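Student: Here is the model I want to go through. Let us take the terms one at a time.

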Amino acid sequence: MPQVLIDHTAGLDVDWPSLTEMLHRVVPEVIGAEVAACKTVRRPAELVLVGDGGSGEALVLVEVKILAGRDVGKRAELTRRVLDLLRAYVTVPAAFGVQVTELDRDTYRFEHHPAR
């Protein structure tokens with residue numbers, strides 16, 4: 001069920017397919033999910049500003065949405081592992097933000113809609 005949302009500075013030169021593949025390995029490994037359940041959306045942003053813009057840093061924000069119930073230690077480990085991947089794949093000055101969000105098991109639904 002994990003959903004990974006990546007917002008980043010447009011034009012950032014990163015091997016996105018490889019990074020996504022690694023995320024689809026790390027996330028299930030840490031939280032005990034199936035790789036087949038992972039979904040990732042990458043959204044390049046044309047307008048990005050870090051602070052007053054003086055640093056010239058790129059920006060990468062990653063939100064990992066998981067079903068509620070994992071302890072804080074697992075969520076913290078997932079945050080750390082995602083940050084490690086970002087450090088390995090982003091080779092320019094950048095600011096990173098990683099958030100692990102829990103989805104309510106009673107209200108979250110995901111389904112595959114067949115074509116008509």
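Student: What makes the pair of Thr-9 and Leu-59 a polar contact?
Tutor: A polar contact is a pair of N or O atoms within 3.5 Å; within protein, one must be able to donate a hydrogen and the other to accept it, and residues adjacent in sequence count only if both atoms are side-chain atoms. Here a polar side-chain atom of Thr-9 lies 2.8 Å from the backbone nitrogen of Leu-59, so the pair is within the 3.5 Å limit.

Tutor: This is a predicted model: local features need pLDDT of at least 70, side-chain atom pairs count only at pLDDT 80 or more, and totals for chains, interfaces and linings use all residues. Residues are numbered from 1 along each chain as its sequence is written, and side-chain values use heavy atoms, without hydrogens and water.

Student: Which residues does Thr-9 touch, not counting residues up to four places away in sequence?
Tutor: Ala-45, Val-48, Ala-58 and Leu-59. Contact means heavy atoms within 4.5 Å.

Student: How do you know that β1 and β3 pair?
Tutor: Pairing needs at least two bridges found by DSSP. Strands β1 (residues 3–9) and β3 (residues 58–67) have 6 and run antiparallel, so they pair. Ile-6 has Val-62 as its bridge partner in β3.

Student: Why is the charged end of Lys-39 said to sit over the ring of Phe-110?
Tutor: The rule asks for NZ of Lys or CZ of Arg within 6 Å of the ring centre and within 35 degrees of the ring normal. The charged end of Lys-39 is 4.3 Å from the centre of the Phe-110 ring and counts as over it.

Note on methods:
Helix = DSSP H or I, 4+ residues; strand = E, 2+ residues; numbered from the N terminus.
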